[in-house]
Structure formats: C-alpha cells, structure tokens
Amino acid sequence: MSVIELSHISKRFGKFVAVNDLSFSVEQGEFFGFIGPNGAGKSTTMNMMLNFIKCSGGEISLLGKKVPQYDLEVKKRIGYVPSDVRFYPQLRVQDLIRYTLDFHHMEGDKAEIDRYCDLFQIDRKKKFGDLSLGNKKKVALVCGLIHHPELIIMDEPTNGLDPLMHARLFRVLKEKQEQGVTIFLSSHNLKEVEDYCSKVAFIRSGQLIGVEDLSQINKKVKVITLKGETLPLEQMQTIGAKCIKKEDHEARFLYEGGLPQLFSTLSNLSADLDDVSVANRDLEEQFMSMYERQEGERL
Amino acid sequence: MTLFRLECKTHIKTLLIWIIVVGLLTLGLVSLFPAMKDMGLQQMDLKSMPKEMLKAFNLSDMGLLATIKGYFGYEYQYVMIATGIFAAMLGTNALSREESEGTISYLYAQPISRISIIGQKMLANSILYTLYWIVSMAVAFLVCLIFKESGASVSNLFKAFSQLTFAGWVMGLTFLAVGFLLSSLLSSNKSATSLSLGLVFLTFILGVVGKLKEDFQALVYFSPVDAALPSAVFKNGIEWNYIVTDLIVICISCLLALWIYRRKDLKV
C-alpha cells in the first residue's frame with residue numbers, strides 16, 4: 001500500500017514554477033530519502049503534502065486519503081519534524097510535549113517521554129526560546145515521534161545535531177521502521193540518506209530526476225579509478241565502462257559488467273598502471289552524475 | 001480545546017498589563033473629578049465654537065460635566081479608543097503572528113483543522129477581551145462610586161454602567177472581528193499594530209465627520225466607537241441600530257476570515 005502518493009503535482013508562485021509535474025510514491029515501511037540542491041522544491045513539496053500550501057495542480061494522497069480533504073484522523077497518524085524549528089518560545093519543553101500529546105488527545109506514557117528526553121538529553125524545564133539550535137531540533141524530534149505516528153515526515157532532521165545525537169536519532173528511526181512506520185526524509189546529507197534509506201527520489205528545479213532503489217545502485221554499478229602514464233580508455237570502452245572523469249594521469253569509469261572481465265582486460269594491457277581501485281558507486285556519485293546529466297541535457 | 005488554552009496562556013500577561021494600565025488611568029482620570037467640579041469646569045465658555053464641532057467631540061452639554069456620569073462619559077471616550085486598539089490588536093495578531101513567528105509549522109502539523117484554529121483563536125481572544133472589559137468596567141464603576149457627587153443615584157449609575165458595558169463589549173468585539181479578518185489576509189504581524197491603530201482612528205474620524213456634517217451622518221455607522229461612546233450611552237441608552245450594524249460587521253468579518261484562512265497558503 002502506498003502511504004504517500006504524489007501524482008503530477010505542481011506549485012506555482014506567480015510566474016515562478018517551484019514544483020513541476022512531480023510524481024512518486026512511498027510504500028508502507030519504507031525509509032524514503034528525498035534529496036536535491038537548495039531551492040529544488042523539497043520543502044515546497046513537503047509543505048503541499050502537509051497542506052500548509054495548496055497544489056496548483058495534481059493530487060497528493062497520504063495514508064490513503066487525499067490532501068487537503070484528509071481528516072484529522074489522518075493527521076493524527078503523521079509526525080512532522082520541520083527544518084526550521086520555531087515553536088512557542090515562551091513555553092517550557094515539558095509544556096510543549098504536553099500540548100503535543102493534548103492535540104492528539106493522548107495521555108502519553110511517562111516512561112516513554114522520559115526515555116526520549118534522556119535519549120536526546122533534553123532539559124525539560126528550560127523554555128524553548130532559551131534552547132540552542134540543536135536542542136530545539138531535539139525537542140522537535142520528540143514532538144514528532146511522541147504520538148506514535150505511522151508516517152514520519154522530516155525536513156533536514158539532523159541539522160544542528162551532534163554526531164552522538166545523529167546516531168541516536170537514526171537508531172530510533174530504524175526501530176520505528178522495523179515496526180512498520182514509514183519514514184520520509186529530506187536531507188542534504190547524502191551519507192545519512194545512503195546509510196539509512198532504502199529508496200531515494202532526486203529532485204532538481206522542481207522536477208523529479210529519478211527514483212532509485214539504493215540497494216540496487218550499490219550492487220549494480222562500480223566506480224573504477226585508474227592511475228598511470230597511459231590510460232586504457234579504448235579498452236575500457238570495449239567492456240562497456242563509461243568514463244565520467246579524466247585528468248592527465250587519472251580516469252574514473254562507471255562499470256556495470258562482471259569483475260573477472262574487468263581484471264582480464266586490465267591484466268592484458270601493454271602499459272602498466274600505477275593504481276587500480278574498484279568501489280561501490282556511492283550516492284554522492286549517483287547524485288552528481290544525475291545532476292550533471294540533466295545539466296548537459298539542458299545545455 | 002488545546003489551542004484555546006495555549007492562546008489564553010500566551011496572552012495572559014498582555015491582558016494583565018492592559019487591565020492594570022487602564023485601571024490606573026481610570027482611577028487617575030476620575031479622581032480629578034471633585035477638583036475639576038470645584039474649579040467650575042461646567043462653566044467653561046465654549047459658545048464661540050460651532051455646535052456641530054462641540055457635538056462631534058461630545059461636548060454639547062457642558063452642564064453634564066458637573067455630574068460624575070457626564071464627566072466620566074467625556075473622559076472615558078479616550079479609554080474607549082484605547083480599548084478599541086487593544087481589541088483590534090488581539091484580532092490582527094491572532095493568526096498572522098503564527099505565520100510571522102513560524103509557530104504555524106508546529107501548530108498545523110498537529111491534528112487540528114484550519115476552521116478549528118480560527119474558531120479556537122476567536123473564542124480565546126473574545127473571552128480575553130471580555131475579561132478585560134468586565135474588569136475595566138468594574139474598576140471604573142467602583143472608582144465612580146468613590147468619587148461621585150453627593151446625591152448621585154447608585155442604581156442609576158449602575159444601570160448606566162450596565163448599558164455601557166454591553167455597548168463597549170460589542171464595540172470591542174467588532175474591532176476584534178475586523179482585526180481577525182485582516183489577520184487572515186496577513187502572513188506577518190509586523191504591520192499589525194499600525195493596522196490596528198489605523199483601523200480604530202480611521203473609524204473614529206469617520207464618526208467625527210458623520211457628526212460634523214448632516215450629509216455624512218451615515219458615516220457614524222462605520223464608527224464602532226460611536227456606538228459605545230459613554231456620554232451617548234449615558235444620555236440616550238443603547239442605540240440598537242448601531243449595535244445591529246456592529247453585529248452584522250462581526251458576522252461578515254468572521255465568515256470572511258474563515259473563508260480566506262481555509263484557502264490561503266500558510267507561510268512556513
């Protein structure tokens with residue numbers, strides 16, 4: 001079942017098209033990454049999903065109900081962590097957690113609140129306005145998780161978090177995912193998307209560039225780096241390797257074929273190579289090549 | 001009703017400050033009454049001024065200034081203007097502040113509809129205003145009892161204050177509702193104070209112009225302050241045509257605010 005379904009959505013602000021004909025879906029239990037450069041339309045897309053702003057065209061469904069007609073029962077099943085956390089500064093952290101539970105008509109499990117506050121090292125007595133950026137983010141995380149949502153939408157959740165809290169957050173999110181919770185994560189941090197997400201959507205200038213299964217990305221494509229006086233560009237081409245970067249004494253290739261064929265080709269070269277490295281293609285590589293390809297098509 | 005509680009908690013300090021300031025102002029103004037009466041304020045010669053001008057500024061019957069009702073009625077009109085500003089500010093800030101301060105990203109992520117946001121905010125601010133007004137009127141009544149001239153009837157004064165309480169309450173709700181309408185259009189509260197001041201003074205001036213020129217008499221209906229001027233209420237009782245006009249404005253403003261807020265893109 002699709003928990004999130006975006007069908008040809010677009011958003012215009014006057015003449016500016018922020019999101020254009022965007023379609024993808026997220027299945028239940030997925031840890032879905034949503035990445036793109038600044039101004040790509042990620043936050044606008046999420047704002048449309050949460051009905052902060054209306055779509056200029058297309059349809060969005062969350063948990064089987066169309067936005068904006070979805071009812072409060074659907075909203076109760078969603079947790080949201082905004083990128084820019086600006087909660088009520090005059091309220092103490094404990095009051096904010098209490099209000100969040102009250103909005104959801106929940107009593108709240110004291111042990112669970114304690115667990116989250118201890119885990120993220122939150123001082124509940126402090127006023128929200130007196131907290132640092134990182135601590136504000138932690139409060140937003142607790143408020144987004146405390147009501148046991150089935151779908152968690154997060155916009156740059158690790159901004160301002162130290163590495164320890166970063167690791168703890170993803171441990172909690174992984175636990176949630178194992179319980180069947182769907183997680184939609186927008187991030188600039190490609191490493192965290194690569195480490196935790198099962199699928200990722202790439203967006204640029206409001207348009208979807210692609211949706212990739214990350215496990216497939218890593219398994220299928222290798223990045224081959226060759227260093228030497230004479231680089232075997234032609235031989236690599238014959239085995240289907242695609243040159244993605246070439247300098248004087250170094251070249252990088254994307255290669256989808258079998259490794260025995262690659263090593264056999266390299267061992268038959270007349271000139272010696274100084275260095276050969278074979279690595280899984282990481283998300284950054286994928287991200288850059290997708291954007292460069294689109295840029296090339298534009299030009 | 002979580003938002004209702006949150007809204008009340010947010011405004012409680014502002015409410016207390018306004019109550020204290022208006023209470024002290026009332027005490028200060030009314031405490032001058034015995035001295036002003038002894039100085040012969042009512043005998044001040046304003047005959048050289050046009051009658052319309054005196055009427056516009058509620059000075060048409062100088063003799064009344066020798067009574068607590070007359071004196072209070074004249075002085076308190078300025079507090080009525082301040083009350084209008086307070087109510088308008090509550091309204092104009094109510095929705096726009098959430099977007100301006102970014103708290104809407106927390107609020108609207110909760111299971112709450114836009115209708116519920118506006119409804120609970122309207123209710124909370126109406127109650128806060130009502131509380132402010134009841135306390136202010138109670139203070140004013142007590143202060144008037146202390147400084148009233150000998151022979152002034154307490155029951156008469158109570159009746160006059162009851163009518164003023166009602167008329168002033170409707171006036172404040174009118175400004176509150178129009179403020180709400182403005183708030184539903186704004187995505188920042190930076191201009192809320194200036195808009196509130198502008199709204200109250202503009203409508204007050206319309207009332208003054210309406211009283212100055214017979215041809216523009218209809219303008220008085222656009223002035224909620226005129227519907228609740230203490231001197232007029234003490235003299236003529238509640239003028240229901242003004243009250244009905246205010247109630248219509250309240251209904252239209254609230255419905256329009258709901259309609260706009262349900263459709264607008266929230267600034268996150």
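**Helix packing and the chain contact in chain B**

Reader: In which hand, left or right, does helix 6 of chain B cross helix 7 of chain B?
Author: The model is predicted. In it, where helix 6 of chain B passes helix 7 of chain B, the crossing is right-handed.

Reader: How are helix 6 and helix 7 of chain B oriented, roughly parallel or roughly antiparallel?
Author: Helix 6 spans residues 114-147 of chain B, and helix 7 spans residues 154-185 of chain B. Their axes come within 10 Å and cross at roughly 150°. Angles over 145 degrees count as roughly antiparallel. Therefore helix 6 of chain B is, relative to helix 7 of chain B, roughly antiparallel.

Reader: Which helix gives the largest share of the side of chain B that touches chain A?
Author: On this side, 17 residues of chain B are in contact with 20 residues of chain A. Helix 1 (2-31) and helix 5 (104-107) of chain B each give two or more residues. The largest share is three residues, and it comes from helix 1 of chain B.

Reader: How far apart are the end C-alpha atoms of residues 160-182 of chain B?
Author: The unreviewed UniProt entry annotates residues 160-182 of chain B as a transmembrane region. In the model this span is 100% helix and 0% strand. Its end C-alpha atoms lie apart by 33 Å.

How values were computed:
Residues are numbered from 1 along each chain as its sequence is written. Chains are lettered from A and ligands numbered from 1 in the order in which they are written. This is a predicted model: local features need pLDDT of at least 70, side-chain atom pairs count only at pLDDT 80 or more; totals for chains, interfaces and linings use all residues. UniProt positions are given in the numbering used here, feature names are shortened, and annotations may be inferred rather than shown by experiment. Helices (H or I, at least four residues) and strands (E, at least two) are DSSP runs, numbered from the N terminus. Two residues are in contact if their C-beta atoms, placed from the backbone, lie within 7 Å. Axes are lines fitted to C-alpha atoms, for helices over the stretch in contact, and angles run from 0 to 180 degrees between N-to-C directions. Angles under 35 degrees count as roughly parallel, over 145 as roughly antiparallel, 65 to 115 as roughly perpendicular and the rest as oblique. A crossing is left-handed if the near helix is turned anticlockwise from the far one by less than a right angle, and right-handed if clockwise.
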